[in-house]
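Hi everyone, thanks for making the time. I'd like to walk you through a structure I've been looking at, going from the overall picture down to a few individual residues. Here it is on the screen.

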Amino acid sequence: MSANFEYIFPAIRGIQAEREYFVSMCPLRLIPRIFLFDDEELLPELRAQRTLNKGRIPEIARYVLSNRNGYVFSAITASVDGSVRFQPLGTDGEASRLGALHVDMSARFIINDGQHRRAAIEQALASAPEMGDETISVVFFIDRGLVRSQQMFSDLNQHAVRPSRSLALLYDHRTDMSQIAKLVSLKSPAFKDLVETERSTLSERSRKLFTLSAIHSACSALLENEEYSDVNHAAEACVEFWGEVSKQIPEWSFVRTGRMTSGEIRRDFLHSHAIALQAFGIVGRELTRLHKESWRKKLAGIGKIDWSRSNAQLWEGRALIGGRVSKASHNVTLTTNLIKKHLGLPLGPEEERVEQSFNRGKTQS
């Protein structure tokens, strides 16, 4: 701050839509002090931002604190409503675009994009104040009223597209489970060359039979509460299990040999869909725990199940709702229950409750 009661930011000046804007690097300790969130008590039409989802803030803060040497923050975008002047280093070329942005201390800063990052930074600094000298990029737009800020929020967010879960997992190198899923998709004979890694849904014409996100959920269910020495050890256990599963489902290999297309299998059968894979994982966890020596032999029972989607009497309301595959948690449980019954495995208390509710519904209908 200067004697004229200004904020002074080192900045680069740019032009966008015939308007000046500025990019600066701000110390993290300044972010909570100067960027105040709009009053959440105001009606939405009077605010420039959405209401904070407070559940996201601890998650982002934990991410920062757990990855002190590797966290990444994208820029915060803010509007400045107040007196602003830019003092360039020179008048020609690059010098005219580099300089200092002077903002009157009475000016109001409104975050257009990044309010959750701002709140998470404040929370992280409470636990690690030494991070205060690290910086985050801030894009400043000059705005003389709330209407422009609201339009900016709409423009910035309506074109934002979250990556698919499969693609996010593919690029995630931090979590063990994402690494396990990737190793399994590459090494398992059941999945090799059949895994879609960029999309979490498969089109009818896709040559892939599984998605990486489905394999991640299935392996997570299989390994839940289990202890392994490292990622490779856990992946090997998964590869072994899915290899045994694939022996009981010949249609999976038909895609690789060209006897059937993946579209035909997904259209006619349920066993390659995410709901079935997750159910297999849950059942596999129980099998390997209760029958350590004979789980492979008992697993053979899944090959005797009629996995045809046309068998509405068996699957409607359990894995299908109105003929469409449902991934809802109670449908996963009902599918798991059916597999367990075929394999002679006991149902847990919650599984029993869901099964009884399902049976009551069928009786009443």
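Let me start with residue G263. Is G263 buried or exposed? G263 counts as buried, because its relative accessible area is 19% and the cut-off for buried is under 20%. Please keep in mind throughout that this is a predicted model. G263 sits in helix 10, which covers residues 262–268. Setting aside residues up to four places away in sequence, G263 touches E204 and S206. In that part of the chain there is also S203, 60 residues from G263 in sequence, with a C-alpha to C-alpha distance of 7.7 Å.

Now let's zoom out. The chain has 365 residues, and 46% of them are buried. There are 15 helices and 11 strands. If you take the contacts with a sequence separation of 6 or more, 68% of them join residues 24 or more positions apart.

On to the interior. In soluble globular proteins, nonpolar side chains tend to be buried together. In this model, the largest nonpolar core has 57 residues. Which residues have the most contacts inside that core? They are V184, W242, W252 and F280. Several helices each supply at least two residues of this core, including helix 6 (176–187), helix 8 (231–247), helix 11 (274–290) and helix 14 (329–343). A second, separate core has 35 residues, among them F35, A107, A128 and I136.

Leaving out neighbours within four places in sequence, the contacts of F280 include F241, W242, W252, H271, W307 and I339.

Strand 1, residues 6–16, and strand 2, residues 19–27, pair in the antiparallel sense over six bridges. I15 stands opposite E20 in strand 2. The two strands form a hairpin with two residues between them, and A17 in the turn has a positive phi of about 55 degrees. Strand 2 also pairs with strand 7, residues 135–142, again in the antiparallel sense, this time over seven bridges. There, C26 stands opposite I136 in strand 7. You have met I136 already, as one of the residues of the second core.

Now for the charged side chains. How many salt bridges does the structure hold? The structure holds 16. Let me show you a few of them.

One is between D133 and R29, at 3.2 Å from N to O. This pair links distant parts of the chain, 104 residues apart: D133 is in the loop between helix 3 (115–127) and strand 7, and R29 is in the loop between strand 2 and helix 1 (31–34). D133 is exposed, at 59% relative accessible area, whereas R29 is partly exposed, at 36%.

Another is between R68 and E130, with an N to O distance of 3.2 Å. Here too the pair links distant parts of the chain, 62 residues apart, with R68 in the loop between helix 2 (56–66) and strand 3 (76–81), and E130 in the loop between helix 3 and strand 7. R68 is partly exposed at 31%, and E130 is exposed at 52%.

For a local example, look at R289 and E286, whose side chains meet in a salt bridge at 2.8 Å, N to O. Because they are three residues apart in helix 11, about one helical turn separates them. R289 is partly exposed, with a relative accessible area of 45%, while E286 counts as buried at 14%.

There is a network as well: R318, K341 and E355 are linked by salt bridges. R318 lies in the loop between helix 13 (312–315) and strand 10 (320–321). At 7% relative accessibility, R318 counts as buried. Beyond its neighbours within four places in sequence, R318 is in contact with I275, N331, L334, E355 and F358, among others.

I12, L89 and L98 make a nonpolar patch of about 290 Å². L98 belongs to strand 5, residues 98–104, and is partly exposed at 33%.

Conventions. Residues are numbered from 1 along each chain as its sequence is written. This is a predicted model: local features need pLDDT of at least 70, side-chain atom pairs count only at pLDDT 80 or more; totals for chains, interfaces and linings use all residues. Side-chain values use heavy atoms; hydrogens and water are left out. Patches are made of residues with over 30% relative accessible area and no salt bridge: like charges are joined within 9 Å, nonpolar side chains (Val, Leu, Ile, Met, Phe, Trp, Tyr) within 5 Å. Accessible areas come from the Shrake-Rupley method with a 1.4 Å probe; for residues, only the protein chains shown count as cover. A salt bridge is a side-chain nitrogen of Lys or Arg within 4 Å of a carboxyl oxygen of Asp or Glu. Helices (H or I, at least four residues) and strands (E, at least two) are DSSP runs, numbered from the N terminus. Buried means under 20% relative accessible area, exposed over 50%, partly exposed in between (1.4 Å probe, protein chains only). Contact means heavy atoms within 4.5 Å. A nonpolar core is a set of buried Ala, Val, Leu, Ile, Met, Phe, Trp, Tyr and Cys residues joined through side-chain atoms within 4.5 Å. Two strands pair if DSSP finds at least two bridges between them.
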